[in-house]
Structures are given as structure tokens and as C-alpha cells.
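Here is a short briefing for a first look. Have the sequence and the model side by side as you read.

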Amino acid sequence: MQKPLAMLLRPQTISMIIGQSHIINDKNGIISRMVDKQFPTSLIFYGPPGVGKTTIGIALANDLNMKYTIFNASIDKKEKLMKAIEKINTDEQHIVIVDEIHRMNKDKQDFLLEFLETGKVILFAATTENPFFVINPAIRSRCNLIKLELITPLEMFDGLKKVIKDFEINLKINDEALKYLAELANGDLRTAINWIEIFMNLYNDQEVGIELVSQIVSEAKAKGSGYGDEFHDLKSALQKSIRGSDVDAALHYWSRLMVIGDYETLMRRMLIMAYEDIGMANPAIPTRVFTAIQSFRQVGMPEGRIILGLAIVEMALSEKSNSAFIASESALEDVQKGICPPVPDFLRDSHYKSSSKLGHGIGYKYPHNYPNNWVEQPYLPKEIKDVKYFTSKNNSKYERKILETYYKFTSRKD
């Protein structure tokens, strides 16, 4: 069985790596310095899929002339890791390359820690997840964090052109088509090489131009997945764009999340935004967003995109107010700090016969017995009687209107 082209072309030395010039350069690049000084140290490679995290680890191990073991945390069992480490000669260091370390459970990470501390093992770990969330702090503190960047279209074009030439790949593809392919890959070199493999095997009898690329590669690789930092960053960018009333940016990030396809998570965030960021400025929006979500679930894709798209536009263009959110968060924070004085006696439950013996309910004024269904009386415990959680933003028509009505029927001027 023929190996995938991505495996056959995997760089065996740092000089063959495409991109990552911030760590691989002749000036102060840390990876280049490690090779030049032949100094091994434990590293965590962190970045999006397809940028070469594990590949750099393998190439670096080769350039350091050190033996290494590759452990895939998503499929390999702990026994494989144990056997590999047991065979290591105590007089020489050994590199353990852990792919997808975010899938390695605490038990396996703790086992690895013991050998990191003795210096017997040098760890090269690769992860798409935020290391501060998924890697044991003790392991993290013993490693240098190397953040890998997306490969730019220009870097990918130059790299692919060099690979096709150096490996004598039987493929005639013009520069315009190769540049377009590099752009479509969206920073994922593995994806680009997979496409090259398709053209190499199926279309090696003709010149590959931009029209053929457009026909075979129907759409760009959607950057991001239903997990990991990229997904969370897109959700964050969407909410901040809507909060900032930038409808075009909101539609851009929404579209990227739609292509990923985790609709339930996206809709959950949309509903949160409607209540948190728009709130009292336009209280019809949360209801409309909820209706849009229910409609989407009934209609499904592809037509459902029309429904959610409308909701995104409405939210972005709506007036905004987080006054209710700030007020509720402030009240919750006080309670979590332990600010919980006794409920005033006149507000306590008095539905049972003996409640008056405890003084419960005595002195309570029933608002519906008074004009405008309101009567002046304190409700907060006396210890915090002057606390004020809600402060109106007073910058939207609806919020101004309800406050005017409130002040009118309560005869309050503040």
C-alpha cells in the first residue's frame, strides 16, 4: 500500500520546514539555535492543525542527532510509552514526541513528569488546544512554549513549488493555479499536500490550471474546528463584533462558524449575546433570536442559514445595553462574597398561622392596595439598605421609556 504523499514528503530536517520563520531563522530563531548549539530542551508546540507541530519535532530530533519515540495520545496506550522509556539508556537522553498531548489523560502526564524531572526524557509535545488549559502545570513549567503560526499563502506557494521540484513530483501546475491552491488551504499545509496528491495521481496527463483547481477544490478549507482555541476565538470575535455593532465583521465570523457546522454551540452563543449585550435596549431581540433558533432546528440546512443570518444582522444593528447584565453580576458577586444579611421580618413567609408569633409579615404593605400598585417601603436588609445594583445606561429609546414610566408611577426623581 502506497503511503500518503504527506508522509513521504515529511521534512526530516529543519531546513525543509515550510513557514515558521519566527522560530526557524539564522538570527535568533530558537529552533535554529537549538540545532546550531546542539542543545536539547523540552518544548510544547502549540498551534492550529496542519502547520507542522509534530513534523518540526521529528525534524528537530533528527538535527539534534538524538533517538526519539513518537507517542500519539489519541490512539496509543500508556503501555507503549512505558516500554519506550524503560528501554532508554540511562546515560543518554531520549526525545519523546507526544502528538495531541491535549488528549493525554492526567495519569499518563504524571507518568511522563517523573522522567522529565530526572532529565532522562526530553519532551516535544504538540497540541491544538491552549496548553494552559490542557497540560499538567508541572509539565508545562518544565517546557518552553513555542506558538506556531498559520503558514501564509506566499510561504506555502514557495514551499510547495520547492517540494514539487526537489522531489521530482510528476505534476505540471502553473504558478497561478499553485498560488490559488495555497490560498484555498488557509494555512494548512497538510491539506495543500493532499490536494497536490490528487492532482499528481489523477491529472498528471495535463497541465493543471486555475480552472481545474476551481473545479476539483470546490471551496477553501474552513479554518477552525468544533473544538480548540480557533473555535473559541471565532465565538469571541463574533460576540465582540456584534457588541461593537460591526455588522460586516459579525457576518464574517458567523460564516466561519457556520462552515464549521457546530450549529448548536453557535446558537447558544447567539442567545447569550441577545440577553447580555442587547438586553434592555431592545428586549424584542432575545425573543426574536430564540424564535430564529427554533425555526432553524425545524428547517435545517441549507435554508436555515437565512434565518440565522437575519438574526445576526439584527443583533449587530440593534441598540445595545448591558445594564441588566452588570446589575445581576454585581448582585451575584456580593452574595458569593458572603454578603447575605437576614431577610427583614416583614418580608418573611407569613402564609402559615403561627408566623405572626415570630413577627413574620408584620408591617408589610401590599403594593396592589395603593395607587399605581406601588408604595414606599424598604425591601433590602438594613445592613445593605443603600446598595444600588442597577444603573441605567439611559442611551436607548426603550430603556429611557421604561425608566420614565417607572419614575412616573413611583413618583421618584432619581
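Start with Asp 277, which is buried, at a relative accessible area of 6%. That value counts as buried because the cut-off is under 20%. The model is a predicted one.

**Asp 277 and its surroundings**

- Asp 277 belongs to helix 14, which spans residues 263–278.
- The side chain of Asp 277 makes a polar contact of 2.7 Å with the side chain of Arg 243.
- Another polar contact, of 2.9 Å, links the side chains of Asp 277 and Gln 239.
- Beyond its neighbours within four places in sequence, Asp 277 is in contact with Gln 239, Arg 243, Lys 320, Ser 321 and Asn 322.

**Strand 4: cover on both faces**

- Strand 4 covers residues 121–127, and seven of its seven residues are buried.
- In a regular strand, side chains alternate between the two faces of the sheet.
- On one side of strand 4 sit Val 121, Leu 123, Ala 125 and Thr 127, all buried.

**Strand 4: its partners**

- Strand 1 (residues 43–46) runs parallel to strand 4, and four bridges join them.
- Within strand 4, Ala 126 stands opposite Phe 45.
- Strand 3 (residues 94–99) also runs parallel to strand 4, joined by five bridges.
- Here Val 98 stands opposite Ala 125 of strand 4.

Terms used. Residues numbered from 1 in each chain as written. Predicted model: local features only at pLDDT ≥ 70, side-chain atom pairs only at ≥ 80, totals over all residues. Heavy atoms only, no water. Buried < 20%, exposed > 50% of the residue type's maximum accessible area, 1.4 Å probe, protein only. Helix = DSSP H or I, 4+ residues; strand = E, 2+ residues; numbered from the N terminus. Pairing = 2+ DSSP bridges. Polar contact = N/O pair within 3.5 Å; in protein donor to acceptor, adjacent residues only side chain to side chain. Contact = heavy atoms within 4.5 Å.
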